[in-house]
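User: I should like to go through some of the assignments in this structure and the criteria behind them. Please set each value against its definition.
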Amino acid sequence: MRFATAVLGVAVSAALLAVPRTGTAEPAEPPPAAVRDFGNGPERNEVAAGLPERPGTSRAGAGTDQPYGLSRDRGYPRRTRLPVPAENPADASVKLGLVPYHGIAPRLNDLQWRGDRVSAEIIGRSAAGRDLYLVTVTAPESAAEAREQARIRDRIEEHPAAAARDRKLAGRYKAPLFVNANIHGNEWEGTDAALRTIEELATSRDPETARLLATTRLYFNVTANPDGRVAGVRPNSAGFDLNRDFVTASQPEVRAMRQVMIDTQPVAMIDLHGYVNGTLIEPTTPPHGANYEYDLFITHTYANGLGMEAAVNALGYTVEKDGVHPAQIPFRDSAEGWDDWPPIFTPQYAPFHGAVAAHTVEIPLRVNGSDYTQQPVEELRRRSAINTDVAAAAIRATYGFVRAGHDQLIAGQIEVFRRGAAGEPSRAVPLGIVPGFGPEDVYTTTFPRAYVITGERSAPAAARLVDHLIANDVRVGRARHVFRADGTTYPAGSYVVDMRQPKRGLANVMLEAGADISDRVDAMYDISGWSHALLWGARVDGVTSLRVRADPVQAAAPTGSLPRTRGPLALQVSDAKDVMALNDLLARGVSVTWGGDGTAIVPAAARQAATTVSDRYGVRFARATSTHGTPLPRVRIAAAASADELFTLRELGFDVTPVSTAVLNEGFDWSGIDVLFVSSGLNHQALDAEARTALDAFLATGGVVARGGTGAAFNAAAGLLTATAVAGRGDANGVVRTVSSGGPAGAGWAGHAFVYSPRWFTALGAEVTAEQSYAADGPLVSGHWRPGPDGAGGQDAARGQAAVISGRDERGAAVVLFGTEPLFRNHPKGQFPQVARALYWSAAVTGSTLTTP
Ligand SMILES: [Zn+2]
């Protein structure tokens, strides 16, 4: 029987408070009730705009993906000499008495030469260009022995049924364990505990350690977020919360972790966080992700959770003496609020690569936020020492668990892949499979026979999705011929994701629509809907039959094309790649005309440049049937926006200058700006008289694109469009069905949208057009959206209401307001062009006499 005690309830909400939803510059102190206050929760990302400063270690290639990856052919130890970064006395770890980032490489270099058990390798670079270190601890292996391990690993994934029958397999295979540390930069001590346990394992003469290393490989990502560790902040230097990025993989640190999980295929993993007192050890509360083999997962994860709990409690820290509460396990001790529904977190992503035990561990004593600045150094160091002990105890318990359960864990991983490859139906986990597993814990899904991805809606979008699936180790094929499935005819060249594959859970969690779970739980920890099929712009169909010959795909085929005939070219901006191509053309000085309907017209003289960008971005130009339109400038944006939005606008190739209330009050030069983007950190009422005058002058020549509560408030205070913004419940989020209503900005075409704290617009003035509306049914397809406690702000209230509106205010400013979240965490890529089209329209028509170009 599950019960939620008052103590645990408080601890979990404290953790929720300590976890801002998006990675932005770290707020010194989270706002009260940031997540739990549903009715009038504050707008997300209400922090000053602007990217955190990048440290001086930035170098060429920073943030770009390079072909890192672990060699399959080299033995162990590998004795890599890691480059040692310059000493940085300002590293935030120093105050806590912990190892600063620059101190890690020397320690690892030393450990590699002190024995034959430790190997350190660079697996990528952070957004700011810092090396990411993966340490492997294992008994020495010859190159031939390492290749044999790789062959067995492949066999487990590729031939799981045969692997399951092979009784000698487990005896020859070293069980892989993955320890991930410090993914949140200001949750430091996982790194120090990793270094401590690596040293213990490297130097111990205990025969039990020798046996452990003969039968396992222990992989440590020593600090997953060096930028955040150094700066003492949660996100990386691009402002992203890396532990929300796994289904999107927008950040290089996450792509590195993803590759480690694919290459090492761990049977168990732990992700070390802080701070929850008592130490929080997963498994989680409901809702549970429906795409896991949850019977295998909960059995092993709960067992290791209990083992870690015992190890942590055995350290002997007490409430009275140390202020340390006993450990807690959300699955056992809480009713809800700490779920494993979205696979955006490390331990919720790892199971798709075969981990049958995966945990978030939250060490107990807070040293970040206001404690970091206000507690005496002695006290901070006391806490950090205890935290390091707790994290080390969790690591030791987990490798003991893997040692003891070696064969069963390997068998569990094989079984996960076997069910996938066999295309078995989703299983309802038997009640009581572990104590307390009740009906509230049972979540299932329906796997289609296959998904078909076509270029029908957007060829670049289809290619991007296919490449994303492949990067996630999902197998994709390409149809050799025309075929029919479920009454639809698909052309040759269509992509096919056969769901009879070992990692079908990962394929499905990205490609299924998801579910509306509003009725099943009251509170969710983070997002509840993310479907790549509905949000990434490609047409994706689940089909119940599959009769087609398909060739395996290593990468999506090129998609770019131009018409053969000379003459002006039209580029329909319907995908993020189209936006990138158009911004590239504008940056090259090509004279582009905005033709309305989301189409840019490129003169015949620019054919060479168009050929280049078509090739680079895979975009398709058509013959322009009309050259009528408004000159489109290279759009220069002043953006009061959150870090994820700034990242995306820049990724799309816009020229972006971050602004905020403070920046405008300091005296901002508007002369180089075409459009003001407002979603965060700009309060019109807090602008001084001079700043307001300057803004008013800008609005006579420049446009506005705004989003969310901050955008709506700005619209009202600046007297732009006549509309009333209505707020839905603050924590409501997910994928909604939308209807395009047309409109001059062309911003409303997509059939689905992502929302978080959704808004809609009523009492529209005569000058206002509804570009997009929430569908009259639903509108939630997948996610969590209930009415507030007073019955207001639910899905029913939003039905048929305007979600995106546009118009020109009396000064002539072209304005677009979004009640959706089109740029959220760089994820809903199919919505990015909506924002881009709004920006192009706003930049092109503001100041012109045209209402529609
Ligand atoms: Zn954390």
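User: What makes β11 and β14 paired strands?
Analyst: Two strands pair if DSSP finds at least two bridges between them, and β11 (residues 477-479) and β14 (residues 495-498) are joined over 2 bridges in the antiparallel sense. Arg-478 has Tyr-495 in β14 as its bridge partner. Strands here are DSSP runs (E, at least two residues), as helices are (H or I, at least four), numbered from the N terminus. This is a predicted model, in which local features need pLDDT of at least 70, side-chain atom pairs count only at pLDDT 80 or more, and totals for chains, interfaces and linings use all residues. Residues are numbered from 1 along each chain as its sequence is written, and side-chain values use heavy atoms, with hydrogens and water left out.

User: Why are β15 and β16 said to stand at the edges?
Analyst: The open, antiparallel sheet has 5 strands in the order β15-β10-β14-β11-β16. β15 (539-543) and β16 (550-552) each have a single partner strand, so one side of each lacks a neighbour in the sheet.

User: How do you know that the span of α20 agrees with expectation?
Analyst: The expected span is 1.5 Å times one less than the number of residues. For the 12 residues of α20 (residues 576-587) that gives 16 Å, and the end C-alpha atoms are 16 Å apart, so the two agree.

User: Why is α20 called largely enclosed?
Analyst: Buried means under 20% relative accessible area, exposed over 50%, and partly exposed in between (1.4 Å probe, protein chains only). In α20, 10 of the 12 residues are buried, so the rest of the structure largely encloses this helix. Among them are Val-579, Leu-582 and Asp-584.
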